[in-house]
Amino acid sequence: MSEQGPASAARRRLLVLGAAGLTLAGCGFRPLYAPRDGTASVTDPGVRDVLASTGVALIPERGGQLMRRALQQRLGRFGAATPTQELRVSLLLGAEAEGFRRDGTATRTRLTATAGWLLVSLNTPPAQLAQGTEQAFDAFDIPDNQFFAADFARDATVQRLIDQLAEDMVLRLSAQLRTRQST
């Protein structure tokens with residue numbers, strides 16, 4: 001009769017995790033930003049180098065300013081060198097009332113952010129390198145008789161949406177660049 005105690009359960013979990021790790025290693029998994037040949041060479045023209053040499057075009061309005069700054073932080077670029085690519089982004093923010101009081105005033109607002117993006121080379125003539133569309137949703141409550149709290153909640157929600165879009169955009173851009181380099 002085998003013992004079914006906590007030590008046995010821990011061993012089983014460790015075995016399952018080990019098997020999952022071996023399976024993942026066997027399928028050819030490698031980190032997105034790693035060089036293709038597995039070496040960490042400074043001269044390797046990998047995804048990270050391409051991202052760092054990408055400028056972000058101006059995006060109109062306050063949401064666009066926040067998006068541009070978030071993208072620059074994630075791309076590792078603040079105008080240090082001359083960019084060789086440019087990321088062009090169009091940002092749309094929409095709001096929809098969700099919850100209602102008996103008098104018909106809204107108690108919750110759902111925000112939708114959609115960003116269409118295009119990566120182009122700055123060569124003559126410019127060439128399209130990658131493109132995509134990202135979308136994120138979030139919501140905030142509208143407190144009773146507290147205008148500044150509602151305004152703060154809206155601003156915080158917009159910032160979360162912008163951060164999510166920027167993260168998704170850079171991840172998808174990285175994946176497309178990796179695929180492009182491997183072909």
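These legends walk through several close-up views of a predicted model. Local features here need pLDDT of at least 70, side-chain atom pairs count only at pLDDT 80 or more, and totals for chains, interfaces and linings use all residues. Residues are numbered from 1 along each chain as its sequence is written, and side-chain values use heavy atoms, with hydrogens and water left out.

**View 1. The open sheet has 4 strands in the order S1-S2-S3-S4, with mixed pairing.** Strands (E, at least two residues) and helices (H or I, at least four) are DSSP runs, numbered from the N terminus. Two strands pair if DSSP finds at least two bridges between them. At the edges are strand S1 (54-56) and S4, each pairing on one side only. From one strand to the next, the twist averages 25 degrees. Strand S2 (residues 85-100) and S3 are antiparallel partners over 15 bridges. Look for glutamate 96, which stands opposite arginine 110 in S3.

**View 2. A cis peptide bond joins threonine 124 and proline 125.** Omega for this bond is about -5 degrees. Proline 125 belongs to the loop between strand S3 (106-121) and strand S4 (128-141).

**View 3. Glutamate 61 has a positive phi although it is not a glycine.** The phi value is about 75 degrees, and the residue lies in helix H3 (residues 61-75). Glutamate 61 is exposed, with a relative accessible area of 67%; buried means under 20%, exposed over 50% and partly exposed in between, using a 1.4 Å probe and protein chains only.

**View 4. H3 lies across S1, S2 and S3.** H3 runs at about 125 degrees to S2. Helix H4 (residues 147-182) also packs on the sheet, touching S2, S3 and S4, and its direction makes about 155 degrees with that of S4. Contact means heavy atoms within 4.5 Å. Axes are lines fitted to C-alpha atoms, for helices over the stretch in contact, and angles run from 0 to 180 degrees between N-to-C directions.

**View 5. The axes of H3 and H4 come within 9 Å.** They cross at roughly 45 degrees, so H3 and H4 are oblique to each other; angles under 35 degrees count as roughly parallel, over 145 as roughly antiparallel, 65 to 115 as roughly perpendicular and the rest as oblique. Residues making the contact include Leu66, Met67 and Ala70 of H3 and Ile162, Leu165 and Val170 of H4.
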